[in-house]
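Please keep the sequence and the structure in view while reading.

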Amino acid sequence: MAKGTLTPRAEDFPRWYQEVIALAEMGENGPAAGTMVIRPWGYGIWELFQAELDRRIKEAGAENAYFPLLIPESFLRLEAEHVEGFSPELAVVTHGGGKELDEPLVLRPTSETMVNSFFARWIQSHRDLPLLLNQWANVVRWEMRPRLFLRTREFLWQEGHTAHATEADARAYSLRILRDVYESTMVEVASLPVLTGHKTARERFAGATRTWTCEGMMGDGKALQMGTSHELGQNFAKAFGITFANAEGTTDHVWQTSWGVSTRLVGALVMGHGDDFGLRLPPALAPAEVVVLMIKEDPDVRAAAEALVEEVRAAGHRVRLDDRSETSFGRRSVGWELKGVPVRVEIGPRDLSEGTVTVVTRHLRKKENMALGGAARAVCAILSRVGTELMEEAIAARRERTADVTTLEEAVEAGSAGFARIGLGALGADGEDRLAAHALSVRCLQRADGSLAELGGTESDLIAVVGRSY
């Protein structure tokens with residue numbers, strides 16, 4: 001196959017990313033600076049992500065609700081650390097209906113304050129707990145360096161908010177979300193390996209007592225924070241007066257969590273699996289898992305193509321027929337390759353006369369001629385392997401760019417090209433400041449074996465994963 005039309009990743013990764021988003025017709029810049037239009041192919045990927053996440057969220061016991069976009073400015077000021085953390089990103093409405101507002105309204109950057117104002121009304125007794133809510137919504141954060149799907153001033157996400165009777169229950173639930181919802185979706189659905197751990201005090205969510213995170217390595221070796229689950233302690237409960245009568249008859253403040261992932265996951269999919277020819281989608285997240293291309297219009301070709309489409313669809317796969325004879329076959333083939341469709345089946349008069357079709361496996365860029373009669377079974381077999389093979393490739397790439405080091409200087413060198421693993425104690429008290437001077441940060445803290453530091457132990461015994469991030 002000929003070389004692709006994209007800038008090679010090794011030559012200019014940011015430019016390659018922008019070209020993929022544009023040429024795969026995933027999204028483009030909106031008319032207001034920093035905003036994004038999500039086109040059908042990009043939104044189709046997000047919808048599939050959404051469905052998988054929503055199912056897992058509901059299995060974890062949370063119910064969907066919706067809260068207003070406009071938040072009174074006074075709400076944010078009730079939790080000092082929270083408002084301080086978000087102040088640079090706030091978009092504020094000062095006028096409405098042609099008049100200056102009595103109180104400015106903030107376009108939601110996140111909904112802790114709004115949700116907690118209602119939790120204070122809804123929770124009176126331990127019988128009201130746990131209260132487990134989630135909402136799918138848009139949020140607005142005034143990003144200064146926007147990039148489509150990764151950082152835009154308005155983006156889509158889900159945000160969960162829960163209240164519990166004990167700290168142990170809240171921690172257990174925040175970890176359940178991290179593992180059973182986020183890590184599960186990223187690994188099993190997106191075929192993206194992630195490191196899980198918790199953030200340092202410098203990096204954690206404003207107002208949280210602990211932030212758990214999923215960190216992925218992208219194709220250029222940089223880290224992407226793909227999802228976070230926060231233990232909020234009783235900080236917001238005390239600020240908003242969320243109390244309950246416990247089983248012993250005394251009054252206590254609830255313990256809380258919040259957690260979220262966004263359309264950033266779509267960007268992660270591009271950067272984590274893409275190659276110099278465009279997207280490479282795992283079947284679970286492909287709006288079309290298979291495309292059957294008619295090379296030219298012909299009644300017999302059409303009949304064979306339509307029959308193949310129905311056979312693959314009956315096997316439970318999303319499949320499309322491309323019969324756009326007014327567009328050249330080459331252009332259509334390149335277009336589907338850019339979009340990352342896992343399998344293409346090409347059929348024309350010559351193929352039909354020989355009783356064969358050409359099957360292209362996108363992630364391997366491999367072409368095979370095979371009998372028309374067995375094509376549907378072969379396509380289904382290929383689809384069953386794609387996710388696993390993408391995962392194995394991503395794990396191997398991360399392993400190759402991860403180094404265990406013992407000094408901060410070594411961490412700077414290794415972390416500039418991938419991940420550096422260093423004992424937290426070896427970083428020293430000013431380690432994060434020294435890393436920041438090189439545009440590096442601690443992405444997460446883990447035990448030496450990569451497991452979570454849930455309870456016990458000292459921070460100095462932990463391993464810090466260092467890298468550059470988006």
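In which order do the three strands of the open sheet stand, and is their pairing parallel or antiparallel? The order is E4-E6-E5, and the pairing is antiparallel. The model is a predicted one, in which local features need pLDDT of at least 70 and side-chain atom pairs count only at pLDDT 80 or more, while totals for chains, interfaces and linings use all residues. Residues are numbered from 1 along each chain as its sequence is written, and side-chain values use heavy atoms, with hydrogens and water left out. Helices (H or I, at least four residues) and strands (E, at least two) are DSSP runs, numbered from the N terminus.

**The three-stranded sheet**

- Strands of a sheet pair through backbone hydrogen bonds, either parallel or antiparallel.
- In the sheet E4-E6-E5, pairing requires that DSSP finds at least two bridges between two strands.
- Strand E4 (70-72) and strand E5 (92-96) are the edges; each has a single partner strand, so one side of each lacks a neighbour in the sheet.
- From one strand to the next, the twist averages 50°; such angles run from 0 to 180 degrees between N-to-C directions, and axes are lines fitted to C-alpha atoms, for helices over the stretch in contact.
- E5 pairs with strand E6 (residues 99-107) in the antiparallel sense over four bridges, and His95 stands opposite Glu100 in E6.

**The five-stranded sheet**

- Five strands form another open sheet, in the order E16-E15-E17-E18-E19, with mixed pairing.
- Its edge strands are strand E16 (319-322) and strand E19 (366-371), each of which pairs on one side only.
- Neighbouring strands of this sheet are turned against each other by 20° on average, direction ignored.
- Strand E18 (residues 356-361) and E19 are joined in the antiparallel sense over six bridges; Thr358 has Asn369 in E19 as its bridge partner.
- Helix H10 (residues 329-339) packs on the sheet and touches strand E15 (290-294), E16 and strand E17 (343-347), where contact means heavy atoms within 4.5 Å.
- The direction of H10 makes about 175° with that of E15.

**An enclosed strand**

- Is strand E9 (residues 194-198) largely enclosed or left open by the rest of the structure? Five of its five residues are buried, so E9 is largely enclosed.
- Buried means under 20% relative accessible area, exposed means over 50%, and partly exposed lies in between (1.4 Å probe, protein chains only).
- Val194, Thr196 and His198 point one way from E9, whereas Leu195 and Gly197 point the other way.
- E9 pairs with strand E10 (residues 210-217) in the antiparallel sense over five bridges, and the bridge partner of Thr196 in E10 is Cys214.

**Helix packing**

- Two packed helices are described by the angle between their axes and the distance between the axes.
- The axes of helix H1 (residues 13-23) and helix H8 (residues 264-273) come within 11 Å and cross at roughly 120°.
- H1 and H8 are therefore oblique to each other; angles under 35 degrees count as roughly parallel, over 145 as roughly antiparallel, 65 to 115 as roughly perpendicular and the rest as oblique.
- Phe13, Trp16, Tyr17, Val20 and Ile21 of H1 make the contact with Gly267, Val270 and Met271 of H8.
- This contact has seven nonpolar, one polar and no charged residues; Ala, Val, Leu, Ile, Met, Phe, Trp, Tyr, Cys and Pro count as nonpolar, Asp, Glu, Lys and Arg as charged, and the others, Gly among them, as polar.
- Helix H2 (residues 40-59) and helix H6 (residues 167-189) pack at an angle of about 150°, with their axes 10 Å apart, and are therefore roughly antiparallel to each other.
- The residues of the contact of H2 with H6 divide into six nonpolar, two polar and six charged.

**Backbone details in loops**

- The peptide bond from Leu129 to Pro130 is cis, with omega near -5°; Pro130 is in the loop between helix H5 (112-122) and strand E7 (131-140).
- Phe149 is not a glycine, yet has a positive phi of about 70°.
- Phe149 lies in the loop between E7 and strand E8 (154-164) and is buried, with a relative accessible area of 2%.
- Ala439, also not a glycine, has a positive phi of about 60° and is placed in the loop between helix H15 (431-436) and strand E22 (441-446).
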